[in-house]
Amino acid sequence: HVVGDLLLQRVASILKSIVFGRDLVSRLSGDEFVLLLGSYHYDTIEVCVNQVLDKIRAAFSVPLYAGDHLLNITPSIGVQIFPMPGCD
C-alpha cells in the first residue's frame, strides 16, 4: 500500500504540473483522476485539450519512481467536452 500511495501522489503531482492554474485536478477514486479544464473559447478547446493530452502521454511514457521502486504505468484517458456549441 505504501508504494501505491506514493505512486498516486506522484501521478497527482504530475497532473497538477500539466494543467493551468484555473484548472482542477481531483482524484475520483482508487487510481482514477479527473481534470476539469476552465472555460476556453470553443474554437480553441480542441487545441487546448490535445495539448493537455499530449503532455499527459509524454509524462507517463517514462518510468516513474514511487519511493525506491521504478514503475512503468500507462494511462487510460477519456474526454468529455461540455457544453458543446449549440447545446443547452
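I started with L7, which touches L64, A66, L71 and I73, leaving out residues up to four places away in sequence. Contact here means heavy atoms within 4.5 Å.

Ground rules next. I am working from a predicted model, where local features need pLDDT of at least 70 and side-chain atom pairs count only at pLDDT 80 or more, while totals for chains, interfaces and linings use all residues. Residues are numbered from 1 along each chain as its sequence is written, and side-chain values use heavy atoms, with hydrogens and water left out.

**Fold.** I read off two helices and four strands in the protein chain. The order along the sequence is α-β-β-α-β-β. Both kinds of element are DSSP runs numbered from the N terminus: helices are H or I with at least four residues, strands are E with at least two. I also looked up contacts between residues at least 6 apart in sequence: 39% of them join residues at least 24 apart.

**Cores.** I then looked for nonpolar cores, meaning sets of buried Ala, Val, Leu, Ile, Met, Phe, Trp, Tyr and Cys residues joined through side-chain atoms within 4.5 Å. Buried is under 20% relative accessible area, exposed is over 50%, and partly exposed lies in between (1.4 Å probe, protein chains only). The largest core has eleven residues: L7, V11, I14, L15, I18, V52, I56, A59, F60, L64 and A66. Helices α1 and α2 and strand β3 (64-66) each supply at least two of its residues. The largest share, five residues, comes from α1. A second, separate core has five residues, including Y40, I45, C48 and L53. Over the whole chain of 88 residues, 23% count as buried.

**I56.** I56 sits in helix α2. Is I56 buried or exposed? I56 is buried, at 8% relative accessible area. I56 touches L15, I18, L35, P75 and I77, again not counting residues up to four places away. P75 is 19 residues from I56 along the chain, and their C-alpha atoms are 8.3 Å apart.

I finished with the largest pocket, whose volume is about 960 Å³. Of its 32 lining residues, the closest to its centre are F33, V34, L35, I77 and G78. Which element gives the most to the lining? Helix α2 does, with six residues. A pocket is an open set of points on a 1 Å grid over the protein atoms alone, where a 1.4 Å probe fits, with protein on both sides within 12 Å along at least five of seven lines; lining residues have an atom within 4 Å of a point. The volume is the space filled by probe spheres set on the points, which are joined across faces, edges and corners.
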